[in-house]
Amino acid sequence: MNNKMNNILIICDSFPPAFNPRMGFLCKYLRSFGWNPIIITEYLPQKIYGQLTENQDIRYVNFYHSKNKIIKRIKYIFVFVADFLFNLKNIIIGKKAIQIIENQDISLILSSSSFRPYSALTASKLSRRYRIPFVMDLRDIIEQFPSGDQISKKTPNILLNKILTKIIVKKFIRQRNKILKKADFITTVSQWHADILSKYNKNVKLIYNGFDPDLFFPQITKNQHFIIAYTGRIESQAIKDPSLFFEAIANLLAKNKIDAEIFKIKFYLINEESKKIVAELVANYGIADFVEIFDTVQNYQIPQILNESSILLLLANKSTGENTPKGIMGTKVFEYLAVEKPILCVRNDESCLEETINCANAGIACSTSAQVENFILEKYAEWQTYGYTHQIVNKEYIAQFSRKKQAAQFAALFSKLTKRN
């Protein structure tokens, strides 16, 4: 551990206890490598990663605070419009960041963002103003989503939605690309992202998402039920399509291959939109007796759910061709890898997820319902023999995705930039 602790200012569009486990786990381990994080972030109401706020210096900005739902909605529309026209969030968060910079010795500024660039815009401006090195971390980019899928969900529900989405997408990309050119270094989550971003700045480093080794590790747990589990969200069927999986379950049911008393499918879902997608598909395929839908749980509870399951369901969609999701490698796949349970990926992305699963020997990425059926029956037979399933994985390959090792990668980059400057 370094004798001198360097302060790093991290400006996020989200942070625990809500979302952004990438930054939450980074901050958990950064002090071990000589970096003290100070975080500024937009406040979001979710409470999924509560344990990652412990012993952290976090400054929240609540743009929509109100106990009245109508007032809160009015505030949301006002902030949405004002931010689009005048970069309101950048101005407000920037003022908080200036107070920190002028009262503490900040060695480096890190922004963490998805498709909304305001946190990176703030970091870039402060970097130039105070001559502090700036690293821009991108968890998502607009181009990875088919037809601006994520942006359209954030726009007001009006007749001009498609036109408005195109305008927002164009502005976000233009603004982001300007910031990319000014950053000292870019970090991102998949090779596809790195290839796209390197067009604007050659200093790009791939640091994957990963798993926390303190939480996610294999435990042999016998269970009286054969459980297929999914945790997280389903943004849309264009991004994560469960239909192939449900088709296979319906086929197995028709063939009398599965028993509703033993065979369980459990979805732990973050939001109502995800629940609606699953509920409608389950009804369409006539498999409601096999499927249970739960609210999401705290992150520290997920390892038990995974270890008690027989198959871990990973939802994706084909990423080859036009108008398909690209390069999406979220935290979930790495947490699945860490517990050494069979992974069933549907639909096969035919890209980075398939490659990762194959390299780890962690399961299968399926393109047909027949593949899904065969994989489920294979693991079902294993469970009937032993009372549990266990995947013989490539441990050495999986070890690289430890959040602690990734924090070391970030810290090495930060130290290189601060020495250079």
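What is the handedness of the crossing of H3 and H4? In this predicted model, the crossing of these two helices is right-handed. Two packed helices are described by the angle between their axes and the distance between the axes. For helix H3 (residues 88-101) and helix H4 (residues 118-130), the axes come within 9 Å and cross at roughly 40 degrees, which makes H3 oblique to H4. The contact is built on one side from Lys89, Asn90, Ile93, Gly94, Ala97, Ile98 and Ile101 of H3, and on the other from Tyr118, Leu121, Thr122, Lys125, Leu126, Arg129 and Tyr130 of H4.

Aromatic pairing was examined next. The structure holds 23 aromatic pairs, among them an edge-to-face pair formed by Trp35 and Phe414, with 5.5 Å from centre to centre and 70 degrees between the planes. Because Trp35 belongs to strand S2 (residues 35-42) and Phe414 to helix H15 (residues 403-420), this pair ties together parts that are 379 residues apart in sequence. Both Trp35 and Phe414 are buried.

The pair of Phe226 and Trp383 is likewise described by its ring geometry: the ring centres are 5.9 Å apart and the planes stand at 75 degrees, so the pair is edge-to-face. Here too distant parts of the chain are linked, since Phe226 lies in strand S8 (residues 226-232) and Trp383 in helix H13 (residues 369-386), 157 residues apart. Phe226 counts as buried because its relative accessibility is 0%, and Trp383, at 10% relative accessibility, counts as buried as well. Phe226 and Trp383 also belong to a cluster in which ring pairs link them with Phe263, Phe290 and Tyr380.

Charged side chains are found over aromatic rings at two further places, described here in turn. Lys171 lies over the face of Phe84, at 4.6 Å from the ring centre. The charged end of Lys332, in turn, sits over the ring of Tyr230, 4.9 Å from the centre of that ring.

Backbone geometry was then considered. Most residues other than glycine have a negative phi, and most peptide bonds are trans. Against this background, a cis peptide bond joins Pro16 and Pro17, with omega at about 20 degrees, and Pro17 has its place in the loop between strand S1 (6-12) and helix H1 (21-30). The loop between S1 and H1 also holds Asn20, a residue other than glycine whose phi is positive, near 75 degrees. Asn20 has a relative accessible area of 0% and is therefore buried.

A cis peptide bond also joins Val346 and Arg347, where omega is about -10 degrees; Arg347 is found in the loop between strand S12 (343-346) and helix H12 (352-360). With a relative accessibility of 8%, Glu340 counts as buried.

Two individual residues complete the description. Gln46 is found in the loop between S2 and strand S3 (57-61) and is partly exposed, with a relative accessible area of 34%. When residues up to four places away in sequence are not counted, Gln46 touches Pro17 and Ala18, and Pro17 is the residue joined to Pro16 by a cis peptide bond. Gln46 and Gln224, which are 178 residues apart in sequence, are separated in space by 33 Å, C-alpha to C-alpha.

Asn307, by contrast with the loop position of Gln46, lies in helix H10 (residues 302-307). Asn307 has a relative accessible area of 1% and is buried, the cut-off for this class being under 20%. Leaving aside neighbours within four places in sequence, Asn307 is in contact with Phe217, Pro218, Gln219, Thr221, Val339 and Lys341.

Definitions and conventions. Residues numbered from 1 in each chain as written. Predicted model: local features only at pLDDT ≥ 70, side-chain atom pairs only at ≥ 80, totals over all residues. Heavy atoms only, no water. Phe/Tyr/Trp six-rings, centres within 6.5 Å; stacked < 30°, edge-to-face > 60°. Helix = DSSP H or I, 4+ residues; strand = E, 2+ residues; numbered from the N terminus. Buried < 20%, exposed > 50% of the residue type's maximum accessible area, 1.4 Å probe, protein only. Lys NZ or Arg CZ within 6 Å of the ring centre and 35° of its normal. Axes fitted to C-alpha atoms, helices over the stretch in contact; angles between N-to-C directions. Parallel < 35°, antiparallel > 145°, perpendicular 65-115°, else oblique. Left-handed = near helix turned anticlockwise from the far one by under 90°. Contact = heavy atoms within 4.5 Å.
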